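Hi there,

Here is the structure I promised to pass on. Please have a look at it first, and then read on for what turned up in it.

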Amino acid sequence: MLIRRTPDIRPSEITPEAVFLDRRRLIAGLLGAGAAAALPAGEAPALAALKYTRNAKLSVTEKPNTFEEITNYNNFYEFGTDKEDPARNAHTLRPKPWSVEIAGEAEVRGKFNLEDILKPHALEERIYRFRCVEAWSMVIPWVGFPLGDMVKRFKPTSKAKYVEFTTLLDPRQMPEQRSANFPWPYVEALRMDEAMHPLTLMAVGLYGRELPNQNGAPLRLMAPWKYGFKNAKSIVRIRFVEKQPRNTWNVLAPDEYGFYANVNPKVDHPRWSQASERHIGDGFFAKRRETLMFNGYADQVASLYQGMDLRRYF
Amino acid sequence: MTLTVDRRYRLVYKPLLFIACLIPLGWALGGVLALGGLLPSMPLFDLGADPVRKVLGIVGKTTLNLLLITLAVTPLRQLTGNGYLIRLRRMLGVFAFFYACLHFMVYLGPFQGFSWDAITKDIVKRPYITLGFTALLMLVPLAITSTNGWMRRLKKRWQKLHRLIYPIAILGVWHYWWQVKQDIREPLIYATILAVLLGWRLWRWQQRRAATLKSAPPTARERT
Ligand code: HEM
């Protein structure tokens with residue numbers, strides 16, 4: 001079998017937090033005194049380089065946004081609601097060690113070490129468009145592997161119609177989870193055919209290195225034809241289910257955020273237009289860009305939604 | 001050298017307030033210039049990955065702050081008994097209008113790229129934009145009639161007209177409230193401050209009414 005079961009006790013549970021943090025600091029110090037010393041106290045240790053190949057076929061040719069832009073402008077409410085907050089606050093997240101629970105309608109279930117989950121997968125870089133529901137966009141070089149390959153390994157049963165992703169729930173690591181006005185943990189889901197689509201990526205890296213915390217370390221979803229919020233970050237649980245799960249933003253504002261969240265210039269958000277977007281990095285006086293159907297991936301994914309009223313299933 | 005209170009306001013406090021009111025503009029302008037390479041980049045002038053939204057936010061917040069500070073002048077005057085404070089109010093109000101115009105210009109240009117079709121649709125269809133736009137339109141007559149000449153000409157009607165500041169402030173807070181995605185903590189702070197400022201007036205007004213009712217003869221009471 002490909003996957004080994006790991007003991008249910010995580011090192012973080014047996015190691016007192018203070019010792020744990022000290023150790024992290026020590027590791028940070030050892031990892032190249034130069035770079036680490038330049039980082040403010042409490043900053044995460046340098047991100048390790050990944051081994052990967054480029055997937056040019058599934059990459060767009062537009063110029064990617066800079067690492068600075070991608071890592072300093074994030075919606076990750078677990079660390080604050082301002083887009084600069086995650087970069088400031090996400091250092092409290094501990095992406096190592098990490099385990100992911102596989103649950104629901106699948107033959108292979110249980111809690112697995114992230115390394116064991118990743119081991120069989122060759123990593124590739126894909127440069128994807130990214131479109132936020134707030135009408136701004138970026139181009140991002142992710143490193144990851146197709147979610148579909150991973151799903152197959154867990155042998156979902158015939159009852160598995162949807163895949164649900166749950167973000168970590170731990171207010172010590174995600175301080176904003178102490179605020180009550182949000183139904184933590186963050187939950188998102190894909191229909192099975194969406195999950196199996198070759199474009200759907202499980203991302204573990206950015207710009208050739210491990211994911212920075214604020215971008216959803218150590219494991220996040222990336223379905224580039226959907227609005228950004230669909231792509232759950234810092235995933236701790238993957239569950240196969242028969243009924244369509246309620247995703248967090250849909251629970252919060254059902255008239256504004258649907259289950260599908262496909263990028264669609266013809267269906268406006270009730271409070272703003274989705275016809276165009278401001279592309280981050282284009283400069284202060286740049287024109288807006290037209291938003292493309294399915295974020296420019298219509299050729300690949302439009303068939304998934306044939307016959308569906310996209311106004312209703314937004 | 002000692003200055004009379006009158007001169008202190010004219011020569012010291014007002015110029016200082018004028019400079020203070022320009023700080024947010026300097027911040028935003030510095031950021032844009034640094035972005036264009038016309039200023040050395042420094043943390044203060046770093047507008048982040050989305051400078052357009054940042055500048056829109058800086059001038060939008062400044063508008064709202066100035067509106068609320070303008071509304072705080074009268075309560076402060078009544079609480080402290082310092083009648084001179086009223087001399088600062090016009091500058092605060094006019095600056096609020098100035099920043100509202102800037103906010104609108106940043107919206108028209110950098111934010112919407114002068115795409116008039118999208119802009120008209122926004123103003124008509126998007127409730128939070130409609131609210132902001134209404135507030136801006138209502139500020140125009142107040143800015144025009146802010147001069148001594150208009151004050152004299154309109155007499156009692158001037159005060160009535162300038163009560164428009166109350167709905168304007170409400171629309172401003174509402175506009176802010178309606179655009180946040182989920183986290184209403186900050187708009188809530190603004191709404192609370194506004195409620196206190198308006199509540200204070202309501203309370204004073206009731207007190208005054210009760211006093212006149214008590215002291216007035218019955219015939220006059222009929223008329224009130
Ligand atoms: C008195 C009038 C107005 C006040 C007090 C006001 C105030 C504000 C405030 C406080 C913000 C939030 C800034 C932040 O998030 O930091 C804001 C954002 C905004 N305002 Fe206004 N505003 C006014 C008029 C207008 C007008 C006339 C328009 C356009 C027609 C407009 C369009 C916007 C837009 C597009 C945003 C940004 C929304 C986003 O970030 O997605 N506002 N405004």
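A:His279 is found in strand S12 of chain A; helices (H or I, at least four residues) and strands (E, at least two) are DSSP runs, numbered from the N terminus. Before going further, the conventions: this is a predicted model, in which local features need pLDDT of at least 70 and side-chain atom pairs count only at pLDDT 80 or more, while totals for chains, interfaces and linings use all residues. Residues are numbered from 1 along each chain as its sequence is written, chains are lettered from A and ligands numbered from 1 in the order in which they are written, and side-chain values use heavy atoms, with hydrogens and water left out.

With a relative accessible area of 10%, A:His279 is buried (under 20% relative accessible area; exposed is over 50% and partly exposed in between, with a 1.4 Å probe and protein chains only). Its side chain is joined to that of A:Ser137 by a polar contact of 2.8 Å. A polar contact here is a pair of N or O atoms within 3.5 Å; within protein, one must be able to donate a hydrogen and the other to accept it, and residues adjacent in sequence count only if both atoms are side-chain atoms. Leaving aside neighbours within four places in sequence, A:His279 is also in contact (heavy atoms within 4.5 Å) with residues including A:Asn65, A:Met138 and A:Arg289.

What does the side chain of A:Arg278 make a polar contact with? The partner is the side chain of B:Asp50, at 2.8 Å. Beyond its neighbours within four places in sequence, A:Arg278 has contacts that include A:Ser137 and A:Arg288 in chain A, and B:Val52, B:Arg53 and B:Phe111 in chain B.

**The sheet in chain A**

Five strands of chain A form an open sheet with mixed pairing, in the order S3-S2-S11-S6-S7; two strands pair if DSSP finds at least two bridges between them. S3 (110–113) and S7 stand at the edges with a single partner strand each, so one side of each has no neighbour in the sheet. Neighbouring strands are turned by 20° against each other on average, direction ignored (axes are lines fitted to C-alpha atoms).

S7 (residues 187–191) runs antiparallel to S6 (residues 162–167), joined to it by five bridges, and A:Thr166 stands opposite A:Val187. Five of the five residues of S7 are buried, so this strand is largely enclosed by the rest of the structure. On one side these are A:Val187, A:Ala189 and A:Arg191, and on the other A:Glu188 and A:Leu190.

**Helix H1 of chain B**

The 31 residues of H1 (residues 5–35) should span 45 Å at 1.5 Å a residue, and the end C-alpha atoms are 43 Å apart, which agrees; the expected span is 1.5 Å times one less than the number of residues. Buried residues of H1 in chain B include B:Tyr9, B:Leu17 and B:Pro24, and what covers the buried residues includes helices H2 (51–80) and H3 (89–111) of chain B. After H1 comes B:Gly37, with a positive phi near 75°.

**Chain A overall**

Chain A has 10 helices and 13 strands, and 54% of its 314 residues count as buried.

Best wishes

How values were computed
Axes are lines fitted to C-alpha atoms, for helices over the stretch in contact, and angles run from 0 to 180 degrees between N-to-C directions.
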